[in-house]
Number of protein chains: 4
Amino acid sequence: MPPPRAWIAIAGPGDAAPWEVEAAEEAGAAVAEAGCGLVCGGLGGVMEAACRGAKEAGGMTVGILPGDDRSAANRFVDAAIPTGLGEGRNVLVVRAADAVIAVGGAYGTLSEIALALKAGKRVVGIGTWDIDGVVSVPEASAAVEAVLADLST
Amino acid sequence: MPPPRAWIAIAGPGDAAPWEVEAAEEAGAAVAEAGCGLVCGGLGGVMEAACRGAKEAGGMTVGILPGDDRSAANRFVDAAIPTGLGEGRNVLVVRAADAVIAVGGAYGTLSEIALALKAGKRVVGIGTWDIDGVVSVPEASAAVEAVLADLST
Amino acid sequence: MPPPRAWIAIAGPGDAAPWEVEAAEEAGAAVAEAGCGLVCGGLGGVMEAACRGAKEAGGMTVGILPGDDRSAANRFVDAAIPTGLGEGRNVLVVRAADAVIAVGGAYGTLSEIALALKAGKRVVGIGTWDIDGVVSVPEASAAVEAVLADLST
Amino acid sequence: MPPPRAWIAIAGPGDAAPWEVEAAEEAGAAVAEAGCGLVCGGLGGVMEAACRGAKEAGGMTVGILPGDDRSAANRFVDAAIPTGLGEGRNVLVVRAADAVIAVGGAYGTLSEIALALKAGKRVVGIGTWDIDGVVSVPEASAAVEAVLADLST
């Protein structure tokens, strides 16, 4: 397997609605199919669905965990990074990614959107916060296209 | 001087408009007059104005800096904490505060709002992001009242 | 009170022997008498003794705490910074200081010694780890002299 | 490839002597042959040699970088995590590992040894700092055996 040509973060809630799970899984698969690695917060909900999608499509997944315990990672994470930083790990999820796809989400996701935009990284959103600078798309496949278009330029 | 009864963060842009500077200075003064300590990101603009207001009212100021260099702090910071964490220091500004007052601001301020709300802390805003959970007030004196009302309960 | 002319960290165990407490209190007082601010990990033992010494000599004290809870700070800390970073806060204690005085101590203190030496900062030790680069002195007053001699050059 | 049964950090200097490079490469290979993942600081010298050894033995490698730039990772890193934390990333290398093998090294390595011992993790050393608590072994194969013996209990 060649190295990923880019790393894309998928951000979203650990306690996810069915539509968020579905969108995250599709986005994770699309990330892997595009030859990119997936980075996320490593837990359940959107994070688990994104990892499952990426692994089923043959991709590589990194989970940057808030706690000290590796076993909190969902089972689709290849490399689990326990940080002990709590929500501070959101900073690292954003730094480890070249671009961010936000799926739904609450305040934790909003912090990742804000940190990514502050760092000048592309943020694509599916049903997430309506923040100036977020490229809103209707579905997962469009999200990955929007991210990659930007990274190619 | 007795120890502060609470620590309030004032968040906002380093490159501030005149109305932001004015509001931040008033909020900083009100924080000090209420017997609270001020924590901020330690740089210029809203951060400097808030510190100036707090010092002129006899308060204590902490500046949590993004870089490694203490001399980046504005001259109204009593305790400058160089962190070398870049925007990651926003996590620490929020953790070091019992509540947050956001004045104007862009993505950095938005990240502090999101992190504070995620942590369950009161966020009061003056002309800032319209985020569900932020208590919007028209002026600085009302901001401090709103913050303190919550901390007393 | 004029701003501190430098910030000195005093590092050492939270569970301290009587000689460590005595040395830390003397070192804290000497730091304050030299017009410097004191930064430490904010908890008990050496940290508390150093803060007590500094406050009794009219100095200013910062405590960078491992947990999220400000109330864990000893009562001689002027500005308590809860970080939620666990032992990762040792990195911040070192970054916030211009030089480090290590008093006794175990692995946590050793990590601060190592991080300070790595950052090129002067480390003076009293009864602490015998590490190449640490300037060993027999007592607290000599420690502060050794630190200041270096900062003046 | 099944998930790693444990993650082992290999710590050592980026500017390494020939014996350090050789020991690190052997240790990296032994880590992979034991079915473990390798975590390191992601740069050159000991870190690169350990990753090269692990990859040649079919293992998985994570590099937790000090800077913001993924391209600083050596080419044997599968998952590069740019952190922007400077030496603060040493905290994360230790947290992401179940045990640490230290090869030679200077102050950065010493900080990782101290942080790992503070966290109660096994530290095995090859020609490194003589610190109470470090299990000293003469060569790389023995290092991995010593680490695994401890993790099995």
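Reader: Which rotation superposes chain A on chain D, and with what shift along its axis?

Author: Chain A is superposed on chain D by a rotation of 180 degrees with 0.0 Å of shift along the axis, and the RMSD is 0.0 Å; copies are superposed by least squares on the C-alpha atoms of residues with pLDDT of at least 70 in both. That is the relation of a two-fold axis, and in chain A the C-alpha nearest the axis belongs to A:Ala79, 3.8 Å from it.

Reader: What should I know about the model and its numbering?

Author: This is a predicted model, in which local features need pLDDT of at least 70 and side-chain atom pairs count only at pLDDT 80 or more, while totals for chains, interfaces and linings use all residues. Residues are numbered from 1 along each chain as its sequence is written, chains are lettered from A and ligands numbered from 1 in the order in which they are written, and side-chain values use heavy atoms, with hydrogens and water left out.

Reader: OK, and through which surface do the copies A and D meet?

Author: They meet through the same surface, because 100% of the interface residues of chain A are also interface residues in chain D, where contact means heavy atoms within 4.5 Å.

Reader: Switching to helices, how many residues of H4(C) are buried?

Author: In H4(C), 10 of the 12 residues are buried, so this helix is largely enclosed by the rest of the structure. Buried means under 20% relative accessible area, exposed over 50% and partly exposed in between, with a 1.4 Å probe and protein chains only, and helices (H or I, at least four residues) and strands (E, at least two) are DSSP runs numbered from the N terminus.

Reader: What do those buried residues pack against?

Author: Within chain C they pack against strand S1 (7–11), helix H3 (89–95), strand S5 (99–103) and strand S6 (122–126), and they also pack against helix H4 (107–118) of chain D. After H4(C) comes C:Gly120, whose phi is positive, near 80 degrees.

Reader: How do H1 and H2 of chain C pack?

Author: Helix H1 (residues 18–33) and helix H2 (residues 46–56) of chain C pack at an angle of about 35 degrees with their axes 6 Å apart. The axes are lines fitted to C-alpha atoms, for helices over the stretch in contact, and angles run from 0 to 180 degrees between N-to-C directions.

Reader: Which residues make that contact?

Author: H1(C) contributes residues including C:Ala24, C:Gly28 and C:Ala32, and H2(C) contributes residues including C:Ala49, C:Ala50 and C:Gly53.

Reader: And what about H1 and H2 in chain D, at what angle do they pack?

Author: H1(D) and H2(D) pack at an angle of about 35 degrees, with their axes 6 Å apart.

Reader: Last one: which residue takes a positive phi just after H1(A)?

Author: That residue is A:Gly35, with a phi of about 80 degrees. Within H1(A) itself, the buried residues include A:Ala24, A:Gly28 and A:Val31.
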